[in-house]
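Dear colleague,

A summary of the findings follows it.

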Amino acid sequence: MAAGAAVTTLTTVAGLGVLAGLGADWSDHHRERALLASVVAIGCTVGGAVLWAGLLRFPHLIRGAAVATRLALDGVIVAAALWFVGWVLLSRPTRLLGAATPVPGPAILVATITTAGGAGLAAMVILRAGRPRTRSVLAGVGVTLTALAGLLLSAGIGQSGPVATAVGAVLAPGGLLLLALAARTTEVLDETGVDVMLRGTGYAFLPMIGLSLAACYHEAVGGTFSGAVVAAGVVEGFALVSRHSLALRQVRGYANRLVEREAHFRELAHTDPLTGLANRRGLLRALHEELSPAPVVLLGLDLDGFKVVNDMRGHDVGDAVLVEVGQRLRRTLGPGHVPARLGGDEFAVLLRGDPAGAQRMAERLLLALGGAYQSAEGPVYLSVSIGVAVRSGSGAVEDLLRHADLALRYAKQRGKNRVERYDAGHEDRLRRRTTLEHELRGAIGRDELWLAFQPVVAVPSVRPVGAEALLRWEHPTLGSVRPDEFIPLAEECGMIADLGAWVLHRACHQLSVWLADGHDVWVSVNVSPRELHRPEYVRQVTEALRMHRVPAQRLVLEVTEHAVATDLDELIDRLTALRAIGVRVALDDFGAGYSSLGQLRRLPIDILKIDHSLVTDPEPEPNGAIRSVAAVGMVDMVMRLGHRLGLEVIAEGVTTPTELAAVVAAGCRFGQGLLFGWGVPAEHLAAQLEAASARTGEGPRADGVAVPPRSPVDEVIVASAQGVTVVPVSPVGVPQAGPPESPTGAPVAPVAAAPALAGGGEDGPVRPSQRGAGSTGATRSVQDVGAVDSGREMRQA
């Protein structure tokens, strides 16, 4: 624009200087003036063309050659219409300026083209610029005035027009001043207001309407059309056609780009951005596109322990592991199959081909994904659980996904790092689980829960000295629900704290009743790890003891060995606080969990309960002696360990007289198990306590409670230097014959009765499920309710 202004300025100054040199009689120099007018017209035309180019490169307006071409064509359309209308008004017969109308000539024609072109382009620049438009208006008006000044100078010099010459001489510096102001303006353009597609169609319709009206008017007044006028019309038509052809081409290109971007974004919508695998939408699309009648196999995969990786190593390492999982899936599966990441650490694979090979492929994936994942902080080890589901025929896609998910959940429930196929039983179990969870939430309010009490006895006298509270659920329609079914469910759904609080209060209430009746017993209650980690649990126990007026030493809280495997420091703090209020603590299932001797020294406990697996499998000799010393040795070892640490020991799960013989031979003084009685309602255990008091000479009960029938224990253990002998006992617990004799004929004194202590359920962490029924003897991983302890009896021992 500076170059165009310079050319225009030099041309104007030179033309006016030459005109002044002709003197006062310059009007008589026709030939010189005609030549000078042509030179001025050509100079202004060149300067105007350079100014046009400047406008086409105006800042914040032109973005590429395509936009500049569109803008130039728009300017040509407006310029052609302006030139045609001007020609109609100034030519015969209209002659709007009358005698002052310049005679058409080459110089005048070129100057008019320059002026119309500058005005048309300036109009488009002003219309298309974003706000604010100050710079655009200054530049556009400046270019228009400069071109108009060149036209007036050419016309005035060539045809003796002093007025036109003077006006042109004034307009020229005015236009140049506006161009200078436009260059110095520093306003910030709001580019968000710039229309990239050059909105609006008025630039096409208005020029054509003006041109058509001018042509009709000229024809109506008897005018004729010269070749220049026809040329202007042709230019207008070609400009319009070119402009719209260019617009159509650009619209088609834009539409093609939209289609490509739509396809790209659609693919992104079906692709997991982290691993590059298909996402859930992509998997669903692939499943819906699988129209072949052959069976379709879907694998559901879940990384075991991935949350620990995120928590301990950070999400960056976790993301790197997920990316590696995606790569291993691709390498293992090969082409034709569809691996997908459904979210988090959950993946799925759509297998195409023979369903018979699904199991083999799942096992290959089990090995491939189970290898170490390398990271900067060291290798990461994970396993994977896989569920396999097959769709036969035209089954619903949603059913296939649900079946794969059920099979996956079953694989995780059975121990993880395994492959499981879907069967209808999985769905039945899930439906029952959902029903149990729903019903369990109202079981306390509907009074469906009750406590069974399993006695803990002193051996070999088999006198009950304590009891373990065992939770039972009797549903009106579901019947007796097993504890190993509803207690883990309560753990998972967050209801274990409510159940534990209910058990604690009911057990303390029953204990207070027995103590008021004169029975010297204690009651144990199992505690869930989640309960222990609650800060308010110590206050809850204290409140229960105060409410039911139970001495704290009469309550034993049992914690399983599995509970101390994690968060040991917090567990120690909580158990220490419980012991500080006088409650005794027992470590249940000892020998079946993960506690080390170092942990055992740190734990604030009072009692060790030997897991029943350590006292099983003794093989009796024909004469009643014990042939296998494995059980005796294990119990003896735990006994010695407990006494070294100042702890009392209880043997759990004693089910046969032979096992009892092994326990007594090892020196253990307290036992619990089916041999000594089932888990029974509180009134049944009260009857056993009355019978035991009668046998030990404490006198009959004042309340006249009847002695129950003969208990399952019909033998008592006596010891001699030669071994342990099983002796039958009468219904009241007295040996039917005198003390046995040794092989030498000397009488053998019975083993002194040991004080009773605390014991766990005969089936370990899980209690029997039916009222009055025995336990299955299966060891569980989590014991949630029940516990026992004897204050005075243990101190006597």
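Is Phe84 buried or exposed? Phe84 is buried, with a relative accessible area of 4%; buried means under 20% relative accessible area, exposed over 50%, and partly exposed in between, with a 1.4 Å probe and protein chains only.

This is a predicted model, in which local features need pLDDT of at least 70 and side-chain atom pairs count only at pLDDT 80 or more, while totals for chains, interfaces and linings use all residues. Residues are numbered from 1 along each chain as its sequence is written, and side-chain values use heavy atoms, with hydrogens and water left out.

Aromatic pairs

Searching the whole structure gives five aromatic pairs; rings of Phe, Tyr and Trp (its six-membered ring) pair if their centres lie within 6.5 Å, and planes under 30 degrees apart count as stacked, over 60 as edge-to-face and the rest as tilted. One of them joins Phe84 and Phe225, and it is stacked because the ring centres are 6.4 Å apart and the planes are at 10°. Phe84 belongs to helix H3 (residues 65-90) and Phe225 to the loop between helix H7 (202-220) and helix H8 (227-269), so this pair ties together parts that are 141 residues apart in sequence. Helices (H or I, at least four residues) and strands (E, at least two) are DSSP runs, numbered from the N terminus. Phe225 counts as partly exposed, at 37% relative accessibility. Together with Trp87, Phe84 and Phe225 form one aromatic cluster.

The rings of Trp473 and Phe486 have their planes at 85° and their centres 5.6 Å apart, so that pair is edge-to-face. Trp473 lies in strand E7 (residues 463-475) and Phe486 in helix H15 (residues 483-493), 13 residues apart. Both Trp473 and Phe486 are buried.

The sheet

Five strands form an open sheet of mixed pairing, in the order E2-E3-E1-E4-E5; two strands pair if DSSP finds at least two bridges between them. Strand E2 (338-343) and strand E5 (419-421) are at the edges with a single partner strand each, so one side of each is left without a neighbour in the sheet. Strand E4 (residues 383-391) pairs with E5 in the parallel sense over three bridges, and Gly387 stands opposite Glu420 in E5.

A charge over a ring

The charged end of Arg328 sits over the ring of Tyr373, 3.8 Å from its centre; the criterion is NZ of Lys or CZ of Arg within 6 Å of the ring centre and within 35 degrees of the ring normal.

Yours sincerely
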